[in-house]
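Reader: I have not worked with this structure before, and I would like to go through parts of it with you slowly. Could we begin once the sequence and the model are in view?

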Amino acid sequence: MGLLRQEAGPEETGLDAKALDRMDRHFAHEVDEGRLPGFLVSVARGGRIAHLTAYGQRDVAAGLPVRSDTLWRIYSMTKPVTAVAALILVEEGRLSLDDPVGRHLPAFAEPRVYESGSGGGIRTRPAAGPLLVRHLMSHTAGLTFAFYHAHPVDALYREAGLGSSVAPGTDLAGTVDAYARLPLQFDPGTQWNYSVASNVLGRIIEVVSGRPLDVFFAERIFGPLGMTDAGFQVSDEQTARLAELYGETDGSGDGSGSGGCGIKPVAGLPLHGRPRFLSGSGGMVASAHDMHRFTELLRRRGEVDGVRLLAPQTVDLMTRNHLPGGADLRAVGSRPAHDEPGNEGIGFGLGVSVVIDPSRTQTPSGLGTYGWTGVATTAFWVDPGRDLTVQFYTQVRPRSSHTVFRDLRRLVHEAVTG
């Protein structure tokens with residue numbers, strides 16, 4: 001078990017202690033008002049943790065506090081880890097970003113693209129070009145999620161039983177085959193649509209390496225980096241440290257009488273025992289210590305404490321914008337929800353978002369800042385220009401968009417003085 005500890009004072013790393021205290025009080029208020037169960041936030045400069053706060057409960061009913069060793073379902077923050085795993089294989093010459101996906105997964109050898117119609121009347125055509133590994137990593141593959149309700153292909157995913165992105169009763173291989181039987185929304189490499197692509201990438205890692213995804217992660221990433229709690233399941237010993245997962249309510253039945261938004265426990269990932277479906281898209285659990293090690297790998301361009309997993313140039317490639325024409329998410333998003341102010345000035349690399357125009361972003365951000373979030377309201381980012389890394393954890397699946405990430409970015413920005 002690794003523990004995250006504060007290693008320096010805020011002022012000696014160019015951070016304003018009073019501004020950081022304002023940040024803590026802001027999120028503590030969210031906890032006290034019943035909108036969050038608890039939280040952990042860490043801010044580091046030059047790799048040294050200069051601010052670390054744990055507040056509130058990891059399990060409200062049991063009265064168990066958030067601690068630095070609390071385990072979190074990180075959901076989509078799994079995707080950057082999957083991207084690093086794939087890039088390890090690229091460096092070894094066993095995989096190429098320009099490999100057709102069909103070379104490794106024959107079910108994708110002849111992808112078809114939606115043309116018109118809906119339901120049983122959908123018409124498709126052959127894709128204009130091959131679906132490549134780089135398209136999976138940049139979410140320009142044309143794949144989708146079933147929970148979107150913006151395109152006829154989204155409905156096909158639901159009809160195929162992929163409402164939770166998993167084909168019922170199957171493992172990763174079976175689920176990815178189910179994806180391959182459905183048409184793409186657009187020609188690969190032409191638009192951006194956040195999707196199940198990281199699951200497909202995870203299956204490619206299994207095929208190329210000859211190892212199950214959880215084993216490859218453990219042997220090639222978690223073990224070397226000392227990510228001692230990270231994985232796709234929790235042991236009996238770890239269970240007591242796992243945070244309860246909550247969902248937002250509308251306040252009408254939470255007993256608060258406030259009429260505002262509250263939280264209640266909801267079902268989460270099946271983490272007790274090895275899951276049959278190993279999701280490279282969102283299956284991981286980890287501690288803040290684990291993810292600090294991972295963010296350090298990225299911040300240090302592929303090396304931590306003498307352990308090198310990737311070449312510096314590979315991390316640079318990963319954290320560079322790969323969207324068509326160098327555009328941002330708003331310009332090339334394939335559905336109406338992508339056309340929102342929060343996507344202005346934000347591009348996408350290989351498994352991470354990246355700030356390409358700070359003047360157009362909704363919240364203060366440094367040029368080249370990269371990272372990602374998870375659906376249970378977890379986030380990390382690395383700001384190379386300020387040599388800054390930030391992590392935030394709670395466990396609330398929101399009913400709609402909320403301001404936690406926007407507030408976090410603003411409050412951290414206000415604390416950077418040097």
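Reader: In which handedness of crossing does helix 2 pass helix 10?

Author: This is a predicted model, and in it helix 2 covers residues 78–91 while helix 10 covers residues 288–299. Where the one passes the other, the crossing is left-handed.

Reader: How are helix 2 and helix 10 placed to each other, roughly parallel, roughly perpendicular or oblique?

Author: Two packed helices are described by the angle between their axes and the distance between the axes. For helix 2 and helix 10 the angle is about 50 degrees, and the axes are 12 Å apart. Since angles under 35 degrees count as roughly parallel and those from 65 to 115 as roughly perpendicular, helix 2 and helix 10 are therefore oblique to each other.

Reader: How far does helix 2 reach from its first C-alpha to its last, and which residue with a positive phi follows it?

Author: Helix 2 has 14 residues, and at 1.5 Å a residue a span of 20 Å is expected. The reach in the model, from first C-alpha to last, is close to that value, at 20 Å. The helix is followed by a residue whose phi is positive, near 75 degrees, and this residue is Gly93.

Reader: Is Ser209 buried or exposed, and which backbone atoms does its side chain reach?

Author: Ser209 lies in helix 7 and, because its relative accessibility is 13%, it counts as buried. Apart from neighbours within four places in sequence, Ser209 is in contact with Leu89, Arg94 and Phe216, and Leu89 is one of the buried residues of helix 2. The side chain of Ser209 reaches the backbone oxygen of Ile205 at 2.6 Å and, at 3.1 Å, the backbone nitrogen of Arg211.

Reader: Which helices do the buried residues of helix 6 pack against?

Author: Helix 6 spans residues 172–180, and its buried residues are Leu172, Thr175, Val176, Ala178, Tyr179 and Ala180. At the start of this helix, a side-chain oxygen of Asp171 reaches to within 3.3 Å of the backbone nitrogen of Ala173. The buried residues of helix 6 pack against helix 5, helix 7 and helix 8.

Reader: With which residue does the side chain of Arg241 make a polar contact of 2.9 Å?

Author: Arg241 is placed in the loop between helix 9 and strand 7, and it counts as buried because its relative accessibility is 4%. Leaving aside neighbours within four places in sequence, its contacts include Met1, Arg58, Arg67 and Asp69. The polar contact of 2.9 Å between side chains joins Arg241 to Asp229.

Methods:
Residues are numbered from 1 along each chain as its sequence is written. This is a predicted model: local features need pLDDT of at least 70, side-chain atom pairs count only at pLDDT 80 or more; totals for chains, interfaces and linings use all residues. Side-chain values use heavy atoms; hydrogens and water are left out. Buried means under 20% relative accessible area, exposed over 50%, partly exposed in between (1.4 Å probe, protein chains only). Helices (H or I, at least four residues) and strands (E, at least two) are DSSP runs, numbered from the N terminus. Contact means heavy atoms within 4.5 Å. A polar contact is a pair of N or O atoms within 3.5 Å; within protein, one must be able to donate a hydrogen and the other to accept it, and residues adjacent in sequence count only if both atoms are side-chain atoms. The expected span of a helix is 1.5 Å times one less than its number of residues. Axes are lines fitted to C-alpha atoms, for helices over the stretch in contact, and angles run from 0 to 180 degrees between N-to-C directions. Angles under 35 degrees count as roughly parallel, over 145 as roughly antiparallel, 65 to 115 as roughly perpendicular and the rest as oblique. A crossing is left-handed if the near helix is turned anticlockwise from the far one by less than a right angle, and right-handed if clockwise.
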